[in-house]
Amino acid sequence: TIAVSNVILDFDNHFLSQANKTTFPLGSFNGVTVNAGLSGISMVANEGGISNISGCGILFLGAVDTLKLEGLTIKSCGSDGRQSDTNFNFDGGIEFNNRTIASNVLISKLRVLNNKNVGIFSSQCINYLIEDTIIDGTIAGGTGPSVGTVTVPYFGRELKFTGNRTFTDWT
């Protein structure tokens, strides 16, 4: 659990995994839980991330400001037993739960692969950019979009904006 602001978790060449993966309702455990009201949270990796967790790979419990998720692999998280509970909490890759208001969020170069129920779930995000991210193989429902980037020159600088969204088949 991350309970303070201005934290960098570097997963480079390491995976956070659950040794004996249990299934809901016997137990559902999250990989990284971020408490509400924090800012300056970064989780980065060149190779590494979170895998084989029975709950969410990353769960945000409330408002968060200035969040960076870059280069992580989030794979094989979630359980067969719980798609959603009465509070719309999901098992799967990354969840900004239904009470989370996230602002200034950058999700870049993530690989969200073969998770149960949800790849990335968010309800209320402001200034939210997903770029060069692969969301694939989510079991139960469709996968999220792959979002491209458009670079625009502006007074000698390059500004990046979200581009086309490409959806895979939901079959």
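In what order do the five strands of the open sheet stand, and is their pairing parallel or antiparallel? In this predicted model, the order across the sheet is E2-E5-E8-E11-E14, and the pairing is parallel. In general, the strands of a sheet are paired through backbone hydrogen bonds, in either a parallel or an antiparallel manner. From one strand to the next, the twist averages 10 degrees.

Strand E2 is joined to strand E5 (residues 48–51) in the parallel sense, over four bridges. Within this pair, Leu16 is placed opposite Ile50 of E5.

A second feature concerns the surface. A nonpolar surface patch of about 600 Å² is made by Val150, Val152, Tyr154, Phe155, Leu159 and Phe161. Two or more residues of the patch are given by each of two elements, strand E15 (146–154) and strand E16 (157–166). Of the contributing elements, E15 gives the most, with three residues.

Val152, one of the residues that make the patch, is found in strand E15. The relative accessible area of Val152 is 32%, and the residue is therefore classed as partly exposed, a term for values between the limit of 20% for buried residues and that of 50% for exposed ones.

Technical notes
Residues numbered from 1 in each chain as written. Predicted model: local features only at pLDDT ≥ 70, side-chain atom pairs only at ≥ 80, totals over all residues. Heavy atoms only, no water. Patch = residues over 30% accessible without salt bridge, like charges linked within 9 Å, V, L, I, M, F, W, Y side chains within 5 Å. Areas by Shrake-Rupley, 256 points an atom, 1.4 Å probe, with all protein chains shown as cover. Salt bridge = Lys/Arg side-chain N within 4 Å of Asp/Glu carboxyl O. Buried < 20%, exposed > 50% of the residue type's maximum accessible area, 1.4 Å probe, protein only. Pairing = 2+ DSSP bridges. Axes fitted to C-alpha atoms, helices over the stretch in contact; angles between N-to-C directions.
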